[in-house]
Each structure stands twice: as C-alpha cells, then as structure tokens.
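Please find below a note on the structure, written for a colleague who has not seen it before.

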Amino acid sequence: MDQKDIKHPEYIKPINLVNVTYAQTGQSKSTNALGMREMQAKAYEARSAQYLLLKAPPASGKSRALMFLALDKLVNQGIKKVIVAVPERSIGNSFAPTELTKYGFYANWEPNQRFNLCTAGSDKSKVKAFHLFLESDERILICTHATLRFAFEGLKETDFNDCLLAIDEFHHVSADGENILGNVLRNIMSKSSAHIVAMTGSYFRGDSVPVLLPEDEAKFTPVTYNYYDQLNGYEYLRSLGIGYHFYRGRYYKYDPEKGTSALEEILDENLKTIIHIPSVNSAESSKEKLEEVNHIIDCIGDLEYQDTETGVLYVKSKRSGQILKLADLVNDNQKERDKIVAYLRGVSSPDDIDMIIALGMAKEGFDWPYCQHALTIGYRGSLTEIIQIIGRATRDSSNKSHAQFTNLIAQPDAVDDDVKLAVNNMLKAITASLLMEQVLAPNFKFKPMDDEDEPDDDENTIKIRGFKKPTSQRAKDIIESDLNDLKAKILQDDTMLKAMPGNIEPEVINTVIIPRIIREVYPDLSAEDVEAVRQYVVVDSVIKNGEVEDHGSKKFIRMAGSFVNIDDIHIDLIDTINPFQKAFEILSKNVTKSVLKSIQDAINITRIEMTQEEAIASWDAIKRWKLNTGKAPDINSYDPKEQRLAQALLFLQDAKRKQNKNG
C-alpha cells in the first residue's frame, strides 16, 4: 500500500507526568520605574557585588539584567570595560544595542558593533580584535566562550583589572581541571581585580562535575529567581506539561500495528514545534543526521521547495494539505545555516515559521517566543540540557496558553537486547520530570510546630510536628540554596532509581537511602544536621508532589492517597510516603503490561544475588512449576520458593540476552 493512501490516525497526547497550572498574575512581566522586570530588579539590588551568580529561568530577562548591572558598574563603580561571553554566535544577538532610557533607566546599552565578535570570521581575527579592544577606549565587547578562551592565551590575568567579565550560560564552565573556560575564570578571579557576573538558566550546578568548586562558589553573591515565580507571573501562558511517548525500532519508521510512525502520532502540526533529533553518539540515533531530517520531513509531508534567500523549507502536510514552513538547523553547510539563522532572528509573527528541526542548536539562549511544543527525541543525560530545552517552549506569548515538553523515547521491550539500557533511560527520563516538578512548584518553608522564632508566618510556611531545624550555618545554606542540586544527586543515585517505582518501602527510601546520599555529598555535616537536611528534602519533595487545597479556613494536603489537615502533619507520617511514586503510577496506567513487566524485570535483575550454578540448577524446577500451574513463577509471590524460582528465571533470561547480543 502506498504511504499516501494510508488514513492517518488522530494525533495522540503525550503521557504527562507533570502538569502545572499558573495564576497568570502578570507580575513577572510588569516593570518598575527603571524599566526593570521583577527578576532584573532583584539582580540590580546586588549590583555592588564583585562576583555575582544569577540563576534565573529562560525568558526571565537575564540579558537585559546584565545590561543594567554592566552600565551601573561602568558609570558608578569604576569599571572601565565590559566583556560579555556567550556559548555560541547566535546568542550574541541578545546583547544588541538596546534603548533603556525610554523605559526609565539612566543610560542606554550601546556596544560598538565593531566589537561584536559573534559574527562570521576566523578565530585569529577575533582574538586580534579582542586584544585591540583591551588597548582601546571602547567599553563593551561581545564574544563567544571560545573567543574568550583563545584570547586569554595571549594575555595576563592583570589585563582584566577594572573589567567586568559577564559569562552567559555559565553552566558551560566546569570545575573539571580539563575545562579551559573554568581554568580561565579561576585564574582571573585569583590574579586580577575583575568583576564577574555569571548567568545561567539551569537550576543544577552540573550533572556529574560541579560548575564551581565550593571554595570558588563561596565568593559569589547568589541571586536566584525561581521558575514558579517566573511562570506564575506570565500574562498568557497558563499551564505546562512534561510528558513522554514511546516508540519501537526507529521513531520515524511506519508501524503497521499503529498505522503510523511514533513521530507522526505525537507531532501535532498545529503547534509551533522545535524537534531535537538524537545526539549522533546515542543509541537512538541512526548515525545519519541529515537522513534523519529527511525522514522527519517525509513523516510530515512532501517538500514543495526551499526558499533560496531565507533557507525556509516549504512542506505540504500529508494530513491537512496545508503548507508548513520548516527550518533545518542540522545542516552542516555554514552558508545555508547562517541564512536560516538570520531568518529566525527576524521572526516577528507565529506565521513566520511552523517547525524547527535541530540537533545541537535551538536549546539555550534561543528565542522563539511562539514555540508551543519542545519535542525531544531520545533520552538526554544532562538535566541542564533538559531544563534548557523546556525553556524554549515556556516563553510567554499571545498565541499560546499551554506549553508542552515531550520526550519521545525508546520503549523497553522484553525481546530487545538493550532492554536494560532502555529501562535505565526511561527511569532517568522520569527522574528528570520529577526534578522539574520540584523546580516548577511553588516554594514552601517548613518549621517545627512549636517554633516561635519566626512568629510572622506567611501562607507558604508549613509547621510540622516532630520536625528538626538545622543547627549549623552550613546546613542552613544547603537548605536555602542547594536543595535542587541535592535532589538531583538523590534522584540520580543508582539505588534510588531502583527504589522509586515503589518496590522498596518508603521508610527505607526516606530514612536509609536519602541520608546515606546526603552523608556522601556533605561529609562535613554532623549527624544532627544530616537528619535536619534529610527531613527538609523529604518534606519538601512530598509537599511539592502533593496538592494543597483550601477548605474554609483550613488547609489540607492530598498526598499518596491521603487527605491530611496541614495542622496535623507529623514527620513520621511524611516518612511513610514515597514522594516519587506518583510518576510511576501515572506511567503504569498508560503503558502496556509487557512494558511494565520489562521495567520491573530490569530493576529486579539488578537486585538479584544469585550464582549461575544456582540459576541453571533451578531450570528443571522452573519448567515443572510452569507445567503444574500453567504460568511462570511470579517474583512478587508471597511464596519464597516461587519468588526464588522467578529470580532464577530472570537471571537465565538476562544471560541469554547477553549471549545473543555477543553472538
């Protein structure tokens, strides 16, 4: 049958593990007398700090916040020069000349375009221009992280005296000794009088290696503007969904059972969408990225033509027959890439582009406010990358009330050789959504029921019976500024990944596994402070995972099926709840039994302690069991003998998979 003759099923919605609704207060977009939005004003209050670390979500206005800070340092603080470093050239446009005085500020951002080095040209010429800038009377230079690294090789640290160095997307810096940008920063901090403004949209320091060493980070004044305040203060965007959709084989291949491909099933052409294809190094990639773009276009429809001036692809949809405008950012041809990037910079209406296909681009710093759907194919190992991609769809725009992030990932299947890898990726993807749920929820404060130190409680303060307060300043700082980073480490721990679906008692998760991880991350904490931090992490996770409701003058929280008066909450009750199980319950209602069994089997096999000899010796007993009962032994049985036979069966199935894979 010709593909064009196939009747295409309706789009289906992703399984959303996270659904957050916002109040649309407009507060985060309103400006004060100086023309500053809420986050920018908060950053400006800390303008006198020599080292400033600004954590704020995408679209909160970090670029303009930097302009306000930099101009104040140039005019009022004795700084002579400002150097702005961005990760890639396309982001340099965020720091173009900007008129600020008409909104109430006392100066305009007026960089000389001669020293905007985020343009085409050789590294050698840009390094020469960088050195020339330092010797000139010019005040503002904009360059890439790479240009800063190359230019630094020919300079002394003292050449940065009386300079402000602003590093955008600061999570590209790393405490890893091999990270050149990290070394540049440390040297400038230790051997010059330079001021530093570090900006990032990530809420995590880094995924395996921290961005800064603790002693370096301690020198920074932190300014954090949380995601909830940003999105709750929007005018148009009302809700955000984070969800998943699964595929077998290749995501773009036609599946005769479904009558379509997984991509077509989830790709709603009525939504302005950024599609990120898998990294070429990942298992999900076909290793032919240009071919993948062609396959995606074939899934959508027929390519009518490409505009030679703009690079826009005009594709006729096979579903609706309408013409869709696509941008291909995967193409390696620099001339063609520059053409379409220039077009995207000038986009001023939802009608200008319908879909963008990207690989490494269109993640951080990429501004397409009309984007409604960020569709990411393949598991992403970096939480920082995921939070950046989600940020592409969370700009506030009149064309949308809902933003959606969908991760299209390989479905674990018991017959696949890579079932364990697929399960592991699924667990980690769910972990990312759980972390995002924590970041996106409103912040609460917790204190003991009998604590009268802070009598003026606000509505976001919850008193808990039996709750411990931290005693050291270190523990207080962890709770104040490190909570999301700590949760990231907890949720990525191998033992936690296996425990989260609910096959380990909640008390074990909350009182054994979590404090063990806290001790590993913060070995200097006393036992009392480990317990205080543990309680705060568990309580914060459970409350944010629950739903707070007002009934008359009282507040209740619905958590893990219980409906509890907030005034009656005790830490012992909290410790009986697995704060992360809800996501797996949602998942279990939306995937097939075979997929759930594959997930459970892959988790169980990692927990089975059994020798090969025992497993082989059990084979005859397994066959007899199946013959007598008509079914395979069940690992969840209350009969210890049946349970052990089921473990032996899993062991043998896993060994056979490995043998088949190795040929």
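This is a predicted model: local features need pLDDT of at least 70, side-chain atom pairs count only at pLDDT 80 or more; totals for chains, interfaces and linings use all residues.

1. Residues are numbered from 1 along each chain as its sequence is written, and side-chain values use heavy atoms, with hydrogens and water left out.

2. An open sheet of 9 strands runs in the order E1-E8-E15-E14-E9-E13-E12-E11-E10, with mixed pairing. Strands (E, at least two residues) and helices (H or I, at least four) are DSSP runs, numbered from the N terminus; two strands pair if DSSP finds at least two bridges between them. The edges are formed by E1 (15-21) and E10 (301-306), each with a single partner strand, so one side of each has no neighbour in the sheet. On average, neighbouring strands are turned by 20° against each other, direction ignored.

3. Within this sheet, strand E11 (residues 313-317) and strand E12 (residues 323-328) run antiparallel and are joined by 4 bridges. Lys316 has Ile323 in E12 as its bridge partner.

4. Helix H19 (residues 581-588) packs on the sheet, where it touches E1 and strand E8 (239-247); contact means heavy atoms within 4.5 Å. The direction of H19 makes about 125° with that of E1. Such angles run from 0 to 180 degrees between N-to-C directions, with axes fitted as lines to C-alpha atoms, for helices over the stretch in contact.

5. Helix H17 (residues 527-545) has 19 residues and should span 27 Å at 1.5 Å a residue, which agrees with the 27 Å between its end C-alpha atoms. The expected span is 1.5 Å times one less than the number of residues. Of the 19 residues in H17, 16 are buried, where buried means under 20% relative accessible area (1.4 Å probe, protein chains only).

6. Lys487 lies in helix H14 (residues 483-492). Is Lys487 buried or exposed (over 50% relative accessible area)? Lys487 counts as buried because its relative accessibility is 2%. Leaving aside residues up to four places away in sequence, Lys487 touches Leu435, Gln438, Val537, Asp540, Ser541 and Lys544.

7. With a disulfide defined as a pair of cysteine sulfur atoms within 2.5 Å, the count is 0 disulfides. For Cys143, the nearest cysteine sulfur is that of Cys118, 6.6 Å away. For Cys163, the nearest is that of Cys143, 12 Å away. Cys143 is buried at 0% relative accessibility, and Cys163 is buried at 3% relative accessible area.
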